[in-house]
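Dear colleague,

Please find the structure below. My findings follow it.

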Amino acid sequence: MSALKMAALGAAVVGLSAGLSFAQSPLERGRYLVDGMAACGNCHAARDPKGQVIPDRGLSGGMDFDTPAFKAYAPNITPDPDTGIGKWTDAQLGKAIREGVRPDGSIIGPPMPIEFLREISDADLAAIIVYLRAQPPVRNAVPKSAYMIPLPPTYGPPLANVQAPARTDAVKYGAYLIAMGHCMDCHTPMVKGRLDLARAGSGGRTFDGPFGQSLSRNLTPGSAGLSNWSDAEIERAVRTGVSRDGSRLKPPMAYDWYKNINAEDMRSVIASLRALKPLPFAGQ
Ligand code: HEC
Ligand code: HEC
């Protein structure tokens, strides 16, 4: 074979593999979302008594959320037929993740961030389901959650034909990713037990855990928020939990999942944060 042909062949192979890496399979897309942007494991991963993730127990649940309004437990979402979601159909699993309704018709309560997960597109939901089904089944019976507050009868009308915004519109696609990453679930103040979405992004929620207490910060632009931050500083905080001044940020933000967000998606997330309405910090 001549050198010229070799070069041409090499170029073709490079072009092909670049194309393939862009067009992910549903399984790869599902892995990317579950283990990255959507950070399902931040709540559903099995943890030891110190709160450290036990990797070989996968998404078998058990983490508890103890608040005055509820004592909730993250369920086992591995395909174990008896203690997980093994007996659920794809449609049932999709309805649970995106609409908060279990196969028996019961409503899924907080802190499962259904209000935000409702935005997931049909294609991304299908990919998430493919990935969850591909996980090894782990047997782990998790207690039932108890709610002292009434749960909503529904999170909204049934969903179908949900499309993601075009990636070329970084602000809109970033907002889609921010919903998937349920950033505003933590970075929005609560009024009477409900998120005050008119002040989305202005922070002010407190979280208690083995780490002590943390207070979510203001992600809106403006002097009270991220206006003085460079893109690289925001990216470092989201991926590694290091604040602008170099101090270590506390849980429960899903740094260990968000570190897997790819460069293009990170740019969109930041573009979308920068497009928020500037608001004063909701905490003190
Ligand atoms: C902030 C924590 C949190 C995050 C993030 C989260 N979940 Fe949940 N999820 C929960 C809790 C808590 C429940 C149970 C609520 C209840 O008991 O009503 C739940 C319930 C579920 C259920 C119903 C299971 C059952 O047996 O009832 C499924 C399925 C599920 N989540 C899948 C997911 C997937 C997939 C993701 C990521 C796209 C995700 N969750 C992200 C906390 C979370
Ligand atoms: C489960 C709750 C939770 C989620 C989800 C969450 N955060 Fe946070 N975030 C926090 C808390 C709490 C802090 C402050 C931690 C501290 O002060 O130690 C924080 C800090 C930050 C900081 C650093 C701000 C500063 O002033 O130091 C940035 C930037 C940030 N979050 C962005 C995001 C983005 C973007 C997302 C979604 C991709 C997100 N967060 C999702 C709870 C959360």
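Helices (H or I, at least four residues) and strands (E, at least two) are DSSP runs, numbered from the N terminus, and two strands pair if DSSP finds at least two bridges between them. On that basis, β6 and β7 form a hairpin with two residues between them. Strand β6 (residues 206-209) pairs with strand β7 (residues 212-215) in the antiparallel sense, over four bridges. Within this pairing, Thr 206 stands opposite Leu 215 in β7.

This is a predicted model, in which local features need pLDDT of at least 70 and side-chain atom pairs pLDDT 80 or more, while totals for chains, interfaces and linings use all residues. Residues are numbered from 1 along each chain as its sequence is written, chains are lettered from A and ligands numbered from 1 in the order in which they are written, and side-chain values use heavy atoms, without hydrogens and water.

His 44 (NE2) and Met 112 (SD) coordinate the iron atom of ligand 1 at 2.0 to 2.2 Å; donors are N, O and S atoms within 2.8 Å of the metal (3.2 Å for Na, K and Ca). His 44 lies in helix α3 (residues 41-44) and Met 112 in the loop between α4 (90-99) and α5 (114-117), so the pair ties together parts that are 68 residues apart in sequence. His 44 is buried, with a relative accessible area of 11% (buried means under 20%, with a 1.4 Å probe and protein chains only).

Ligand 1 also makes polar contacts (pairs of N or O atoms within 3.5 Å). An oxygen atom of ligand 1 lies 2.5 Å from a polar side-chain atom of Arg 102.

Yours sincerely

Technical notes:
Buried means under 20% relative accessible area, exposed over 50%, partly exposed in between (1.4 Å probe, protein chains only). A polar contact is a pair of N or O atoms within 3.5 Å; within protein, one must be able to donate a hydrogen and the other to accept it, and residues adjacent in sequence count only if both atoms are side-chain atoms.
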